[in-house]
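Dear colleague,

I am handing over the structure below, and I would be glad if you kept it open while you read the notes that follow it.

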Amino acid sequence: MSILNALNISHSFGGRQILEDASFRLLKGEHIGLIGANGEGKSTFLKIITGEMTPEIGTVEWCRHITYGYLDQYSSLGKGKTIKDVLRDAFSHLNDLEAEMLSMYDKMADASDDEIAVLMEDVGEIQEILDMSGYYTIDTKISEYANGLGLADIGLDRDVSELSGGQRSKVLLAKVLLENPMILILDEPTNFLDENHIEWLTNFLQNYENAFILVSHDIPFLTKVTNIIYHLENTNLTRYKGTYEDFLRMYDLKKQQVEQEYKKQQKKIADLEDFVARNKARAATATLARSRQKELDKIERITIAPEKIKPTFNFKSDRSTGKIAISAENLVIGYDLPLTKPVNLTVERNKKIAIKGVNGLGKSTLLKTLLKLIPPIEGKIEHDQFLSVGYFEQEEKCSDKTALQEFWDEFPSLTNAEARSALAKCGLTTEHITSKMKVLSGGENAKVRLCKLMQKESNILVLDEPTNHLDIDAKEELARAVKAFKGTVLLVSHEPEFYNNVVDEVWDVSEWSTKIV
Ligand SMILES: Nc1ncnc2c1ncn2[C@@H]1O[C@H](COP(=O)(O)OP(=O)(O)OP(=O)(O)O)[C@@H](O)[C@H]1O
Ligand SMILES: [Mg+2]
């Protein structure tokens with residue numbers, strides 16, 4: 001039985017069709033991967049099924065009494081709560097029950113014997129629910145999830161308003177998982193996780209008994225946890241039973257079939273047209289020509305969508321630095337408290353270095369410290385006198401400006417045509433660049449930011465999680481461009497498949513941690 005049925009959904013933005021007659025069903029316990037290139041409409045579709053957005057056409061039906069938990073691609077959290085408070089909110093219905101039970105005990109003090117008997121019965125029922133739902137082990141469960149996703153490293157007593165975007169996403173992810181809903185809806189949950197947290201989540205989802213819908217561009221992860229693929233392409237949503245690899249095979253096969261049919265049909269059309277053209281004028285053959293024309297008119301034409309233009313990335317290199325681009329002596333990084341033991345680091349000219357870490361040590365903090373954007377707790381950092389930095393920050397505030405404005409503000413000397421052409425190379429069409437940054441899809445947004453970076457010459461690229469939100473093609477192209485860059489690279493990433501063939505060295509910052517792992 002379907003627990004969710006979305007029927008004949010169509011939706012467009014500013015005249016651009018995103019979904020056309022798309023249908024989707026979810027059965028009990030199904031583990032669905034919703035995939036598609038950047039900007040195809042995956043997040044939009046999730047917003048439609050969760051009721052956050054109403055489709056222009058179509059219906060969404062949920063089975064009664066279904067609970068779902070939804071992790072948005074960009075999540076937000078209110079002020080004044082600690083991480084622990086937020087996680088405890090996952091059990092707020094149980095807290096309410098406990099409060100009700102305690103008030104019943106209070107009432108018993110002034111109640112008659114009969115009343116007490118009724119109250120005792122109610123109390124017993126509530127007690128049973130609390131026991132069964134593990135209410136008295138909530139704290140243990142919270143710590144287990146918090147450890148698994150690296151929240152314990154941040155500190156459960158931190159106010160959530162002080163957290164970075166990535167940390168906030170982790171808190172919300174932990175909360176949604178703790179709620180244990182009948183359906184989990186996760187939009188790119190691995191974007192802000194380290195490798196070991198992804199492993200934890202993989203394991204969690206593999207053993208998840210309820211259903212989930214997952215959007216992800218992280219193919220190894222997606223492959224491990226899903227067994228049904230919904231593919232969104234050119235406004236169409238298609239269901240494939242099986243793993244991601246099965247999907248690839250079936251998709252290829254289907255594409256070949258359609259291409260063959262298309263060719264066959266094109267030939268038939270050409271033959272018929274030719275016949276009509278040659279015979280329609282002559283009286284003797286005019287009737288035959290008319291009947292062929294009718295046949296032609298009846299043909300339901302197969303259309304093949306043009307291949308999507310793949311982005312091309314290219315980082316401009318500046319004059320070289322000396323042999324040592326950046327060096328650090330007895331460096332201790334952190335904010336109030338030190339995060340590392342003193343370490344000595346050398347970033348040699350033209351070396352490509354990936355930085356990985358498995359315990360929320362603050363890789364972004366390390367990058368910022370090495371760039372002298374924040375002061376170290378201890379130690380000295382030296383930059384080569386010719387160091388010119390191209391820095392891709394992990395996240396930026398979403399702005400109200402259009403993509404084109406955003407780009408132009410930084411490069412006012414470019415002509416309109418030059419700006420559009422630079423953005424187009426990165427895979428952004430006119431429709432995208434006249435949209436506001438905040439409504440662009442995650443991948444489109446990242447591409448605008450990458451495009452800005454590509455306009456400047458630099459001799460060191462500092463990239464903080466550049467693959468977040470990027471689809472497969474864009475990731476592949478980014479790997480190629482980083483590899484081809486003639487200069488030094490410092491790269492933080494949680495995707496070894498992305499950086500393994502790109503870098504010469506991998507730094508594991510967990511080795512420098514002050515914490516015992
Ligand atoms: N409110 C809006 N107004 C105009 N265009 C929008 C709006 N919201 C989304 N879009 C556009 O609709 C398309 C689909 O966006 P959506 O965020 O659903 O893509 P996605 O498949 O989730 O992509 P990604 O993989 O990059 O996250 C994008 O091209 C986006 O720019
Ligand atoms: Mg999205």
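The domain assignment, whose bounds come from an automatic or database source, divides the protein into domain 1 (2-78 + 167-245), domain 2 (92-132) and domain 3 (316-512). Please keep in mind that this is a predicted model, in which local features need pLDDT of at least 70 and side-chain atom pairs count only at pLDDT 80 or more, while totals for chains, interfaces and linings use all residues. Residues are numbered from 1 along each chain as its sequence is written, and chains are lettered from A and ligands numbered from 1 in the order in which they are written.

The C-alpha centres of domain 1 and domain 3 are 29 Å apart, and their contact (C-beta atoms, placed from the backbone, within 7 Å) involves 17 residues from domain 1 and 19 residues from domain 3. On the side of domain 1 that touches domain 3, the elements giving two or more residues are α7 (195-206) and α8 (219-225); helices (H or I, at least four residues) and strands (E, at least two) are DSSP runs, numbered from the N terminus.

There is also an open sheet of three strands, in the order β12-β11-β14 and with antiparallel pairing, where pairing requires that DSSP finds at least two bridges between two strands. Because β12 (343-348) and β14 (378-383) stand at the edges with a single partner strand each, one side of each has no neighbour in the sheet. Five bridges join β11 (residues 324-332) to β14, and in β14 the bridge partner of I326 is H383.

Best wishes

Notes:
Two residues are in contact if their C-beta atoms, placed from the backbone, lie within 7 Å.
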